[in-house]
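This briefing is intended for a reader meeting the structure for the first time. Please keep the sequence and the three-dimensional view at hand while reading.

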Amino acid sequence: MTCYEMQAPSPDRRTSTEGGAVLVMRRLWAGAPRYFLSAVGPDGDDAPRLGESPGRWAGAGAGARGLVGLVEGTALRQVLPEGAGRVTGFDFTFAAPKSLSVLHALGSVPVADAVQRAHDAAVTAGLAYLERHACAVRIAGEVVTAPGLVAATFRHRTSRASDPHLHTHALVVNVARGPDARERALHTALLYAERRGAAATYHVVLRGQLTTEIGLRWEPPRGGRSDAREVPAAVRAAFSRRRAAVLNEAWGEVGARRWAERVTRPDRSGLVDIERLTAGWHRRAGVLSWSPPGPGPGRVPRIGGLADVPPAADRWGRADVLVALADRWVDGGRAADLEDAAHRVLGAPEVVAVGRRFTTRAAIARSEAVAVALRGRWIDGDAESLDRLRREVARDGRRLVVVVGDAAAADHAHARTGAPSVTSAMAGATIERLRPGDVVVVRSPERLPSQHVAAVLDAASRSGVAVLAGSPARHRDAPGMAVAGSPARHRDAPGMAVADAPARHRGAPGMAVADAPARHRDAPGMAVADAPAVTVPGPPGDVITSPCAVTAADTAIGDWLACRRTGAAAVLVAAPEEVIALNDRARAALRAAGLLGAPEVGGFATGDVLRFTRGRPASGIARHAVAEVVAVDVASGVVDARLGHGRRLTLSGPELRGVVHAHVVPPSPSLVAGRGDVFVVGGPSIAARHVGTGHLHRYVTAAVPEHSHHLAARQLDLGAGLSR
């Protein structure tokens, strides 16, 4: 007998199976019309036993073109724009929570019909929201509102794993008519910005109608989304095999999860046999000793208040307000009421419009106060500088804690610096356990919510702890990207470890740095840098431990260079904020070894490896395509490059925009596939399965465990250690 509870990922090593409201948005591919039309059942019923229901036209733009009723293949293909490299449209997927999908599949006829009606009404409300707030075109550089979208909706009932999954694909055509009646492409930035608002609208309307009709009760919403309490979590997990397969393959990493979604995606051939699947679903529910409830008495949804609805972030959009409201409207509501509540929030006296986004007067004052408090406290925030600072303060028996934005950044910072790293949201409790004279570095504070930074400053003030602001290398070096409040002498000075605090203040409680002389800070490979690196073979690839981040990077570049000398393909992987700096070091190593030419065009020399950050469909170049520079002509300003399959490219002037060095790349499976040996500097962001036929080598500091995936556990250990 199958234990269906075990189909779900274990919470101690996977991300939660519950998530917020998500409206998935994908570009339409060439075969999209054929795929959706071929899934329609032969009977053309709204709930056929074989196949899915026919598509239906939606949107004011479709009505204006006379497209009403059922979708026919000829009409769908004709309305999609044509042209080389043209994005024909987008697939917006409105998906019901798993609990409602299960009720739709296994519930009685009244329950299933109520869920389907509510789902269809919610999809209509979500599309209407996109029409009101995200349907626009660009005319002469200005964003102009368009009258309506052209959409074809296809309701499906199963997932790729043949589990209940009620969802509707809304194929939005990438065309709208402007005020001059000319057809233009949609301004997609608005669609991406407002899709969370459309998702929140969908879930509020969905819950509101089911509360009114059959009296369902709801779990506390998260990100606007909520499951019905009538379906227990164990049942939801047992019918979520597709999600479990993805998470089991991805181990919770964002880049790996996208890769896992592709490699674990089952093929779908033939029409869905709902009768056969339903019989299996009932057997599975029987194993769990669960039977779907009948319809209950309807009730009036309770509407939440508007107190504290404006998000605490420094900048937010209309969609963020709708998500905040959806979290408070547990029982759901009507789309018109939700829109009216959002309008009242955005029209409040304390809310200030900043372009298409919003803030509050309190957030402005808080941001200004934080900027003043950090003035004069800027230091180099790259991994090597923080590693030097950690060792300096350790000589005096003090401790260094790094504050970053999220769990992934904390993993990378801990792996590269050896210092305990916490998220800004959890930093306050950690700082309270520090002793006077300890040091806290807030990395890239301009990218963190000012509320979190202010809390760090307050906690540090109470504990007598010094606070510094770390500016990453890419902010210091990129033109026009200098961080406000960070003097040039601090950003650019090599080996600079501290702000411009007088030497007599260093080491005093509340000040920032250790009393180590500058020669120690700037000496390459200082202190323990000469200690040997240790190689530990293991399942995820070789793990090379080094005593500090400097040695880890040096060792990785040295091994990568040795591989390149043999003519083999190889690539370095580093945290996104370190890619630019390490690319510079890798190029310097290549040049010293005679593997990189001296003349450069646009920053590229013979022997360089480059990457396209944007796809160029007209030229047949995919996003993240990699090419090797085989020659440069300084006189004509031309770079001659060769793609992996041997095709030659000639790039010059504007064609070099969106092209970056690719000796070092961010941690993403798509960037290392086919690149030979992979040398990862820092945490385990790339797994051996992503490398293919190459070998994986990871370079970490000795303070980092070999498989450090659990940020929460590490923070608890940190708190316990500080308490001791």
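The model is predicted. Its protein chain has 724 residues, of which 51% count as buried. The secondary structure comprises 24 helices and 27 strands.

**The chain as a whole**

- The accessible surface of the protein chain amounts to about 31,400 Å², and 54% of this surface belongs to carbon and sulfur atoms.
- When contacts between residues at least 6 apart in sequence are considered, 69% of them join residues at least 24 apart.

**The sheet containing strand S3**

- Five strands form an open sheet with antiparallel pairing, in the order S1-S3-S7-S6-S2.
- The edges of this sheet are S1 and strand S2 (56-58), each of which pairs on one side only.
- On average, neighbouring strands of the sheet are turned by 30 degrees against each other, direction ignored.
- Strand S3 (residues 89-95) is mostly covered, since six of its seven residues are buried.
- On one side, S3 pairs with strand S1 (residues 24-27) in the antiparallel sense over four bridges.
- Within that pairing, methionine 25 stands opposite phenylalanine 92 of S3, and arginine 27 has phenylalanine 90 of S3 as its bridge partner.
- S3 also pairs with strand S7 (residues 164-173), in the antiparallel sense and over seven bridges.
- In this second pairing, aspartate 91 stands opposite leucine 171 of S7.
- In a regular strand, side chains alternate between the two faces of the sheet.
- Helix H4 (residues 98-106) lies across strand S6 (151-158) and S7, and runs at about 110 degrees to S7.

**The sheet containing strand S22**

- A further open sheet has five strands in the order S23-S22-S21-S20-S24, with antiparallel pairing.
- Strand S23 (648-652) and strand S24 (659-661) are at the edges of this sheet; each has a single partner strand, so one side of each is left without a neighbour in the sheet.
- From one strand to the next, the twist averages 40 degrees.
- Strand S22 (residues 638-643) pairs with S23 in the antiparallel sense over five bridges.
- Two arginines meet in this pairing: arginine 642 has arginine 648 of S23 as its bridge partner.

- The buried residues of H17 are Ser450, Val453, Ala454, Val456, Leu457, Ala459, Ala460 and Ser463.
- The elements that cover these buried residues include helix H13 (361-374), helix H16 (427-432), strand S13 (400-404), strand S15 (439-443) and strand S16 (466-471).
- Glycine 464 follows H17 and has a positive phi, near 70 degrees.

**Histidine 187**

- Histidine 187 is located in the loop between strand S9 (183-184) and helix H6 (188-214).
- The relative accessible area of histidine 187 is 16%, so the residue counts as buried, the cut-off being under 20%.
- Leaving aside residues up to four places away in sequence, histidine 187 touches Ala134, Ala136, Val137, Arg138 and Val143.

**Aromatic pairs**

- The structure holds seven aromatic pairs.
- In one of them, the rings of tyrosine 35 and phenylalanine 36 have centres 5.1 Å apart and planes at 80 degrees, so the pair is edge-to-face.
- Tyrosine 35 is partly exposed, with a relative accessible area of 23%, whereas phenylalanine 36 counts as buried at 1% relative accessibility.
- Another pair joins tryptophan 316 and phenylalanine 358: the ring centres are 5.8 Å apart and the planes lie at 25 degrees, so this pair is stacked.
- The pair links distant parts of the chain, 42 residues apart: tryptophan 316 is in the loop between helix H10 (274-287) and helix H11 (318-328), and phenylalanine 358 is in strand S11 (residues 357-360).
- Both tryptophan 316 and phenylalanine 358 are buried.
- One aromatic cluster is formed by Trp29, Tyr35, Phe36 and Phe154.

Conventions. Residues numbered from 1 in each chain as written. Heavy atoms only, no water. Phe/Tyr/Trp six-rings, centres within 6.5 Å; stacked < 30°, edge-to-face > 60°. Buried < 20%, exposed > 50% of the residue type's maximum accessible area, 1.4 Å probe, protein only. Contact = heavy atoms within 4.5 Å. Areas by Shrake-Rupley, 256 points an atom, 1.4 Å probe, with all protein chains shown as cover. Pairing = 2+ DSSP bridges. Axes fitted to C-alpha atoms, helices over the stretch in contact; angles between N-to-C directions.
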